[in-house]
Amino acid sequence: MAQGSTLDWQRIVADPRFQALHRKKTSFLWGLMVFSIVYYFLLPIGAAYFQDIYKIKVWGPVNVGLLFALSEFIVAWGIAFIYSRRANSEFDAMAGELIRDAEKIGGRQ
Amino acid sequence: MRRRHLAVLVVGAAAAAAVATPALAQGAVADKWRWLTFLVFGVIIASTMFVTFLAAKRVKSAADFYTAGGGVSGLQNGWAIAGDYLSAASFLGIAGLISLYGYDGFMYSVGWLVAYITVLLVIAEPCRNIGKYTLADILAYRNNPRATRIVGALSVITVSTFYLTAQMVGGGVLVKTLIGIDYEISVIVVGVLMLGYVLFGGMVATTWVQIIKAVLLVTASIILVMFVWVPYGFSFPSFLNAVVGDAKVQGQVALLLGDASRTMTPEQLGQRFLEPGLYFKAPIDQISLGMALVFGTAGLPHILMRFFTVPTAKEARKSVIWAMAIIGGFYVVTIFLGMGAAINVGAANIKLVDAGGNMAAPLLAQYVGGGADSLLGNLFLAFVAAVAFATIVAVVAGLVLAAASAIAHDLYVGVVRSNQEVTPQEQVKAARIATVAVGALAIGIGIAAKGQNVAHLVALAFAVAASANFPCVLLTLYWRRCNTGGIVLGMIVGTLTAIGLVLVSPNMTYPKVVKATAQGVVNAAPAREAKLAADLAAASDDATKAKLQKAIDGVAKDVVVAKANLDKFKNDETSIVGLEKPLFELRNPGLVSIPLGFLAVILGSLFYRDRRANDMWDELYARQNTGILAARAAAH
């Protein structure tokens with residue numbers, strides 16, 4: 001871990017490009033995180049306290065509860081898709097630029 | 001030299017299997033078809049052994065041993081994560097829960113997938129960017145290395161041991177239930193095979209064993225779902241209509257609801273199977289369990305370790321995406337496996353082999369292949385049994401590797417010999433010695449814990465991971481003020497509260513309560529019997545008579561069980577921690593212990609001064625976000 005001392009990390013963190021990456025990632029990631037956790041816990045909470053809604057049949061024997069449970073899978077995959085698309089297209093490019101210029105920004109010469 | 005060892009090992013495993021043959025008891029597989037099961041097992045074991053043989057040549061350094069030299073691709077790692085994660089408990093257990101309780105079983109499976117959102121968004125990539133081999137590497141980055149390695153390693157060993165015990169005992173019981181091999185011998189065979197993979201092939205072999213297992217599991221599931229769904233033209237409502245209209249399903253719901261079911265029509269009973277509330281009675285308990293799952297997965301050492309095997313953060317991301325596709329796909333189709341077993345095999349027959357429902361998927365396989373007397377049916381059963389066996393070995397291998405790395409890399413190299421240079425040869429040797437020690441321990445615990453109820457140990461492993469490992473890893477990565485004081489306090493408080501709350505929870509056995517219940521059964525038996533006998537005398541048709549006779553036999557059986565319990569706990573009044581009844585009502589401690597774990601990390605950090613943690617923050621934060629240095633190291 002000692003290799004870190006070759007770079008001035010304070011300057012890298014202070015770099016506007018790092019700050020931009022940090023801002024974008026923070027709001028995006030924690031927003032998705034909070035949404036997914038709330039959406040997940042709605043399922044057991046609903047199953048416990050709103051059973052009458054879960055029992056409403058919508059498609060033959062398929063009821064609201066089953067559709068909600070299935071939607072959890074769709075939402076989880078959806079979040080994975082949304083995140084990976086944004087990370088692949090945007091975050092990776094921004095990080096790549098910082099990796100390329102790390103010596104220039106934080107070099108100690 | 002190494003090859004000779006491997007040969008000895010193969011001979012040893014074969015000998016153990018040969019010894020097993022005369023000790024056969026009755027399992028789900030009929031005697032006549034046991035050769036087929038052994039043949040399928042043999043093919044799968046031989047292929048994993050061959051992979052280990054190839055891998056053994058590639059393991060030269062500690063990096064090879066712990067992380068396959070970082071040379072695993074995202075796709076491979078995704079399959080390996082699925083193989084590492086889908087334990088027998090989730091593969092057989094959830095299909096079983098759905099087959100017996102319908103909707104609630106399916107709802108339970110959701111949390112296992114949602115857990116990976118946490119892993120994907122905030123854990124996998126930062127860990128890849130700053131970690132090396134173990135969970136404690138992440139903690140030691142900015143905090144006092146010695147102190148955090150000790151607490152980190154202890155927590156990893158604790159979590160792995162709980163999980164390992166559940167797997168070994170569950171595996172022994174499973175193999176016995178399926179093919180009737182003695183419990184002790186199955187534990188030894190599982191242990192020796194796993195040791196072979198890890199010892200000689202390190203992470204390379206472990207990865208491939210996990211990939212092979214995941215591919216087999218997915219293949220088996222797809223085949224079963226095809227067979228179950230084809231009769232309904234791949235229509236979801238038609239399939240569920242068959243479930244609702246099935247007399248066996250209706251009977252199971254009536255049994256679960258008891259008196260409340262008397263006024264319901266058969267149609268209503270069947271529909272009830274698709275509604276919540278047949279399994280989970282206490283909603284708070286389920287929320288608590290959900291918390292442990294969703295946050296615990298991100299703190300499981302054997303899962304975290306998988307992210308060190310890929311070269312870059314991008315590959316780590318790719319591996320979680322693949323893992324989510326495979327794991328999620330698997331859990332979606334468990335609804336067909338479970339409900340397919342409910343309508344084709346029937347809850348009564350499933351419970352006959354295993355009361356917890358674990359045999360639902362294997363019995364379904366036998367049914368769709370043509371039944372207990374057909375070659376195809378038994379081939380399918382053998383295949384699913386072999387997949388279950390491979391599942392245990394693959395999960396156990398991952399766990400042993402995680403525990404061994406904590407001992408050899410964190411405690412030995414990082415703490416005991418922290419002031420000396422440790423050569424690569426010494427590191428690999430230490431890793432191998434630790435592997436043998438943990439493997440032997442796993443076998444020993446597996447045999448010692450025979451007959452114990454270990455189902456709650458998996459939940460406990462998740463609870464400790466969620467309450468100790470997860471807050472520590474998350475806060476050291478994202479909170480500037482986190483430091484050594486917080487990590488040490490968080491690990492201790494998280495681990496101890498999770499374990500402590502389980503020790504005083506309803507999971508433990510309370511002799512006084514058991515005896516009171518048993519005494520009640522014994523006391524009520526004469527009256528129950530008399531009433532049933534009167535009904536029997538008055539009954540006119542044969543079906544009712546048979547039913548009543550069965551109920552009378554049931555009462556007698558209940559009395560035998562109750563008397564056995566009274567006798568078993570004759571001299572006991574309190575649980576192992578000296579309680580007469582549970583102090584804490586939740587079966588899973590997550591709801592309380594996870595917030596406490598976070599609180600401990602926060603308070604510990606605020607009340608401790610640690611310059612290094614503060615000085616290193618910029619470096620850690622820049623690296624975990626960008627992959628500077630990590631990516632460069634991989635490119636060279």
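**Exercise 1. Which residues of chain B form one aromatic cluster, and how are the rings of B:Tyr279 and B:Phe280 arranged?**

Solution. The cluster consists of B:Tyr85, B:Tyr101, B:Tyr108, B:Trp112, B:Tyr116, B:Tyr163, B:Tyr279, B:Phe280, B:Phe330, B:Tyr331 and B:Phe462. This is a predicted model, in which local features need pLDDT of at least 70 and side-chain atom pairs count only at pLDDT 80 or more, while totals for chains, interfaces and linings use all residues. Residues are numbered from 1 along each chain as its sequence is written, chains are lettered from A and ligands numbered from 1 in the order in which they are written, and side-chain values use heavy atoms, with hydrogens and water left out.

To describe a pair of aromatic rings, one gives the distance of the centres and the angle of the planes. Rings of Phe, Tyr and Trp (its six-membered ring) pair if their centres lie within 6.5 Å, and planes under 30 degrees apart count as stacked, over 60 as edge-to-face and the rest as tilted. A search of the whole structure finds 32 such pairs over all chains. The ring centres of B:Tyr279 and B:Phe280 are 5.0 Å apart with the planes at 75°, so this pair is edge-to-face. B:Tyr279 has 35% relative accessibility and counts as partly exposed, where buried means under 20% relative accessible area, exposed over 50%, and partly exposed in between (1.4 Å probe, protein chains only).

**Exercise 2. Where do A:Tyr39 and A:Phe68 lie in chain A, and are these residues buried or exposed?**

Solution. Begin with the geometry: A:Tyr39 and A:Phe68 form an edge-to-face pair, 5.4 Å centre to centre with 85° between the planes. The pair links distant parts of the chain, since A:Tyr39 belongs to helix H2 (residues 16-49) and A:Phe68 to helix H4 (residues 64-106), 29 residues apart. Helices here are DSSP runs (H or I, at least four residues), numbered from the N terminus. Turning to accessibility, A:Tyr39 is buried at 19%, and A:Phe68 is buried at 17%.

**Exercise 3. What is the nearest side chain of opposite charge to B:Arg128, and which residues is B:Arg128 in contact with?**

Solution. First place the residue, which is found in helix H6 (residues 103-130) of chain B. B:Arg128 is buried yet has no salt bridge, the nearest side chain of opposite charge being B:Asp137, 9.1 Å away; Lys and Arg count as positive and Asp and Glu as negative, while His and the chain ends are not counted. Leaving aside neighbours within four places in sequence, B:Arg128 is in contact (heavy atoms within 4.5 Å) with B:Phe307, B:Phe308, B:Val310, B:Pro311, B:Thr312, B:Ala313 and B:Ala316.

Technical notes: Helix = DSSP H or I, 4+ residues; strand = E, 2+ residues; numbered from the N terminus. Salt bridge = Lys/Arg side-chain N within 4 Å of Asp/Glu carboxyl O.
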